[in-house]
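Please examine the structure shown below.

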Amino acid sequence: MTRAVVTGIGIASPNGLGPTAYWRATLHGEAAIKPITRFDSANYWAKIAGEVPGFEAGRHLQGRLLPQTDHMTRLTLVGTDWALRGAGVQPNDIPDTDIAVITAATAGGYEFGQRELQKLWHQGPEYVSAYQSFAWFYAVNTGQISIRHGTRGPGAVVVSEQAGGIDSIGHARRQLRKGVQLALTGGMDSSLCPWAWVAHQASGCLSRNNNPKRAYLPFDRDASGYVAGEGGAIMVVETPESAAGRPGTRIYGEIVGYAATFDSKMPSREPGLKRAAELALRDAGMDASEIDVVFADAAGIPELDKAEAEAIKGIFGPYGVPVTAPKTMTGRLFAGGGSLDVASAILSIYWSAIPPTVNVENVVPEYELDLVLNEARHGKIKAALVLGRGKGGYNSAMVVREYR
Amino acid sequence: MSRRAVITGVGVVAPGGIGTKAYWKLLSEGRTATRNITHFDASPYRSRMAGEADFDPVREGLTPQEIRRLDRAAQFAVVAGREAMSDSGIEFDQLDPGRIGVSLGTAVGCTTSLEREFIVGSDRGKYWEVDQSYAVPHLYDYFTPSSMATELAWTVGAEGPVSVVSTGCTSGLDSVGYAAELIMEGSADVVVTGGTEAPLSPITVVCFDVIRASSTRNDDPTTACRPFDKTRDGLVLGEGCAIIVLEELEHARARGAHIYGEVAGFASRCNAYHMTGLHPEGIEMSDAINIALKQARADATDVGYINAHGSGTKQNDLHETAAFKRSLGAHAYKTPVSGFKSMIGHSLGAIGSLEIVGSLLAFEQDLIPPTANLHEQDPECDLDYTPLVAREKKVDTLLTVGSGFGGFQSAMVLKKVEGAGR
């Protein structure tokens, strides 16, 4: 079976731009949930978010791209540039038809969209941007990546809320099996504009606590919802043969297992997260005992936390595996978050350390979880399981392993 | 033994009628269902026509709660999904739910509802800070289109892999291609797939107005979409949904199911060229066609019918005509081509699935639906576009293609399956 290795990681996270800054901050438990600055949050009950600081699109992208892109596309394009640079891929290294682009989205370019909707309804149709047709739809990032890098292989976009960030990478691996050499994959979400914010508030999942240290507390007895953020990760995933074509290419790790399931509407049915994890392990041909860390979905909503804790306990036993949720530092990043968790798991393996979960103080004892709290845990990590759930019933699981 | 993905059930909501029967009647008679927009006051806009579905959710059996909660596109998916389930003859509640998946295509998701709620919350765009007190409880479902796949998954009782595939105007083909991959790799035995779109709202109309992609033949809406005709002046929007039950071949055979055809080959390509423009050579679409044919173990000369993208823009007509010739060579000239958008408009992320279903029905009936409104063929488009009248022809292998914003080019090969029952 064709193998899939990660050779490049581009990250835009509230606590760090680029894999080095992100990893340093994440290992140190640097939280980046703060009062919203991107718009005036005075009139909204949720006032904190994980914003990516210090991102100046104009420093990275040509001027002509700025009027046609939403913030989330700019983050995506820059993240992709970094991933490709890290992987040492030069134009013409790989035939353009052998490169796939598979991204995940939860929202489209909604800040851009809100601006154009406002123009349409307040000023008139003639004021609407000629770029609106594609700047806000869900397919935009795949299209723009393909154009920027001249890739002419398969293109796809999957939407399954937070789980989509994992699904996109799973689908990228599928493309490698179908014959492409390399895939640019992952997700970046950003929807920090009033219109999108009202929708986030309506989800019923945001915490009503506006203290950045007390708002997002997955698995804690005070769990009260999550905090929304922006950012994510784009990765270069390729076959080992393709990577070997560029001597000296660093291989961070390998994607060895993936599965997705869905929760029934019927309360009598068991939620599908455990099954997704088991199927991903089976796909990897691995036993639970070989997993050194679980990157949890960590919804921060008591029922969902309980369900996830039960799934983990069901597979690994009580306190059977270290569990962590670095997203407590950034907030949930939706499709971007699923991809960022996979990137974090890969970095964990590469750097032999488990990043901590922050702010959580009182893990519900019945969960029987070995949650890695406050301080990174150092030591050899051979394999990690990443869990992700999307609102509406989506469950995805991915197993990553050191490359041998 | 490799697994094969076959189609055993279809359901449709389309302009011109609800249900597969009404849809086939429209296509086979070559009638058009494009008209002046009635969903909202379109008078301020440049293009004021669309293929609208006469969809009454109450008559289609949706509950008041569903009607209030669900975007129109999600309502379409539920209704067409129920038709497809019943058509397939599968007892869904007898299957292992973990082996049922969903893959739903949509290009713009719940835009219509998002816009409606924006207008209320911003007081018609007066306020940048949208008022939170007007937010409806299910606003987040409109925010992310995965809510629509959730709805379809609930309808069919799926607990396997579920996703929305959103690749703009090729979503309806790509979602079915994705579903076929799930079956072939063994992740599911049945995947309910297809595409849905109800984009007819001011912002969508304006999107196409400002780039002058849509037709302005507002005085003659029924003949406004004229693919391959030299008088064409752009696309006409549409709405609709097609849901397809895709099943593993042996699974279908074991229950003696009627099999419409097999998704024998599928490929997508990015053109890396332009977010809205197409290169006249059609190289990437041709690449996609070649790969799909190869996967289907079919030669170019096996193709008996090409279901074109046929959006009604000149750049598309030239682009796909070139792609067909590049892939099929001399055989392209002998192969009937037709475009359904001339009849039902361009329903963005749904149209690819509507085209698949129409093509499958052409298989069944040995009848190729025509390209409507094609009176004066553009001399630069020199293939056989089956003008105006359906043509009797027995077809075993057909090709359907799509092309969309973002540079996506997709091709699917559908084949008849021997011993297909009924």
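In chain A, helix α3 (residues 71-86) packs against helix α6 (residues 140-149) at an angle of about 45°, and their axes are 10 Å apart. α3(A) is therefore oblique to α6(A), oblique being the class left when angles under 35 degrees (roughly parallel), over 145 (roughly antiparallel) and 65 to 115 (roughly perpendicular) are set aside. This is a predicted model, in which local features need pLDDT of at least 70 and side-chain atom pairs count only at pLDDT 80 or more, while totals for chains, interfaces and linings use all residues. Residues are numbered from 1 along each chain as its sequence is written, and chains are lettered from A and ligands numbered from 1 in the order in which they are written.

**The helix pair**

- The crossing of α3(A) and α6(A) is right-handed, meaning that the near helix is turned clockwise from the far one by less than a right angle.
- From α3(A), A:T73, A:T76, A:L77, A:T80 and A:L84 meet A:V140, A:N141, A:Q144, A:I145, A:R148 and A:H149 of α6(A); a contact requires C-beta atoms, placed from the backbone, within 7 Å.
- By class, four nonpolar, six polar and one charged residues form this contact of α3(A) with α6(A).

**Chain B**

- Chain B contains 14 helices and 16 strands, counted as DSSP runs of at least four residues (H or I) and at least two (E) respectively.
- The C-alpha trace of chain B spans about 60 × 55 × 40 Å along its principal axes.
- Of its 422 residues, 66% count as buried, with 20 or more other C-beta atoms within 10 Å of their own.

Methods: Axes are lines fitted to C-alpha atoms, for helices over the stretch in contact, and angles run from 0 to 180 degrees between N-to-C directions. Two residues are in contact if their C-beta atoms, placed from the backbone, lie within 7 Å. Ala, Val, Leu, Ile, Met, Phe, Trp, Tyr, Cys and Pro count as nonpolar, Asp, Glu, Lys and Arg as charged, and the others, Gly among them, as polar. A residue is buried if 20 or more other C-beta atoms lie within 10 Å of its own, exposed if 12 or fewer, and partly exposed in between; C-beta atoms are placed from the backbone.
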